[in-house]
Amino acid sequence: MQRTTQFMLLLGSILVIVAVVGACASKSYIDVNYRLPVASDDLKGKRVFLECRDVRSNKTIFGPNAQSEFKHFTGLFSLSVDQGKKPFVAGAFDLPSLFKEAFKRRFENSGLDVLTQPEKTIPVLEIVIKEFRLDLVDRKWMAAIKYEARLLKGDLLLVTKTISGDAERVKVIGQGDAEKVLGEIFTEIVNQLDLSKLLESF
């Protein structure tokens, strides 16, 4: 009986160690969970062509302290979309494609028709990424994102809107808290764009 108890305690300790090591392991990608707002038909009948560009002068995502936590990161993000039910994985994307996929789903969720090819008479909605940063300061994950939304028709710039946000979350273990804070701020700034106001002239 005593040997059985000792074995069970040893097995439990091994499982805890394996779980901790697994939680601390650096992944090659970052999970981003995007939560869609409530669906509507506010923009039904309107059409745009969507583009996303990364104009950051420094393409490094991580600050010095966060870099060591994500040393195996390949530049890909796994995007999960939450529509109020169980989130589903939309795919793996680089940074500009991550923004484009999230905004496409946000637009379509509002009834907007997103074209796959540009047309002369249809405006272009351009998302310009200006900041995407994650760092670890005093055991807190610090995330900051900034982009500019530009509505163009031909070579004419019609409307611009800059949106930014930052958030922090205490690090407990591994990369999970970093992914949570990124998902929270990413959701906030994507959903913050007022589509109706941006497209009111159309």
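Modeller: What follows is a conversation about this predicted model.

Colleague: How many helices and strands does the chain have?

Modeller: The chain has five helices and eight strands. Along the sequence they are arranged as α-β-β-α-β-β-α-β-β-β-β-α-α.

Colleague: What share of the residues is buried?

Modeller: Of the 202 residues in the chain, 40% are buried. As for contacts between residues at least 6 apart in sequence, 71% join residues at least 24 apart.

Colleague: Now the helices. At what angle do H3 and H4 pack?

Modeller: The angle is about 55°, and the axes are 10 Å apart. H3 and H4 are therefore oblique to each other. The crossing of H3 past H4 is right-handed.

Colleague: Which residues make that contact?

Modeller: H3 supplies Leu98, Phe99, Ala102, Phe103 and Arg106, while H4 supplies Phe186, Val190, Asn191 and Gln192. By type, six residues of the contact of H3 with H4 are nonpolar, two are polar and one is charged.

Colleague: Staying with H3, is Leu95 buried or exposed?

Modeller: Leu95, which lies in helix H3, counts as buried because its relative accessibility is 5%, and the cut-off for buried is under 20%.

Colleague: What does Leu95 touch?

Modeller: Not counting residues up to four places away in sequence, Leu95 touches Asp54, Arg56, Gly75, Phe77, Ile129 and Phe132.

Colleague: Changing topic, which strand holds Leu76?

Modeller: Leu76 lies in strand S3. With a relative accessible area of 38%, Leu76 is partly exposed.

Colleague: How far is Leu76 from Tyr29?

Modeller: Leu76 and Tyr29 are 47 residues apart in sequence, and their C-alpha atoms are 5.2 Å apart in space. Apart from residues up to four places away in sequence, Leu76 touches Ser28, Tyr29, Ile30, Phe93 and Asp94.

Colleague: Where does Gly91 lie?

Modeller: Gly91 is in strand S4, residues 88-93. Gly91 counts as partly exposed at 21% relative accessibility.

Colleague: What is Gly91 in contact with?

Modeller: Leaving out neighbours within four places in sequence, Gly91 is in contact with Phe77, Ser78 and Leu79. Gly91 and Ser78 are 13 residues apart in sequence, with a C-alpha to C-alpha distance of 5.8 Å.

Colleague: And Arg133: which residues is Arg133 in contact with?

Modeller: Arg133 lies in strand S6. Beyond its neighbours within four places in sequence, Arg133 is in contact with Asn58, Thr60, Ile61, Phe62, Gly63, Pro64, Met142, Ala143 and Ala144. Arg133 is partly exposed, at a relative accessible area of 28%.

Colleague: How far apart are Arg133 and Asp166?

Modeller: They are 33 residues apart in sequence and 9.2 Å apart in space, C-alpha to C-alpha.

Colleague: One last topic, the backbone. What is the phi of Asp138?

Modeller: Asp138 has a positive phi of about 50°, although Asp138 is not a glycine. Asp138 is found in the loop between S6 and S7.

Colleague: Why does Asp138 count as exposed?

Modeller: Asp138 counts as exposed because its relative accessibility is 72%, and the cut-off for exposed is over 50%.

Colleague: What about the phi of Arg139?

Modeller: Arg139 is not a glycine either, and its phi is positive at about 60°. Arg139 is found in the loop between S6 and S7, and is partly exposed with a relative accessible area of 48%.

Methods:
Residues are numbered from 1 along each chain as its sequence is written. This is a predicted model: local features need pLDDT of at least 70, side-chain atom pairs count only at pLDDT 80 or more; totals for chains, interfaces and linings use all residues. Side-chain values use heavy atoms; hydrogens and water are left out. Axes are lines fitted to C-alpha atoms, for helices over the stretch in contact, and angles run from 0 to 180 degrees between N-to-C directions. Helices (H or I, at least four residues) and strands (E, at least two) are DSSP runs, numbered from the N terminus. Angles under 35 degrees count as roughly parallel, over 145 as roughly antiparallel, 65 to 115 as roughly perpendicular and the rest as oblique. A crossing is left-handed if the near helix is turned anticlockwise from the far one by less than a right angle, and right-handed if clockwise. Contact means heavy atoms within 4.5 Å. Ala, Val, Leu, Ile, Met, Phe, Trp, Tyr, Cys and Pro count as nonpolar, Asp, Glu, Lys and Arg as charged, and the others, Gly among them, as polar. Buried means under 20% relative accessible area, exposed over 50%, partly exposed in between (1.4 Å probe, protein chains only).
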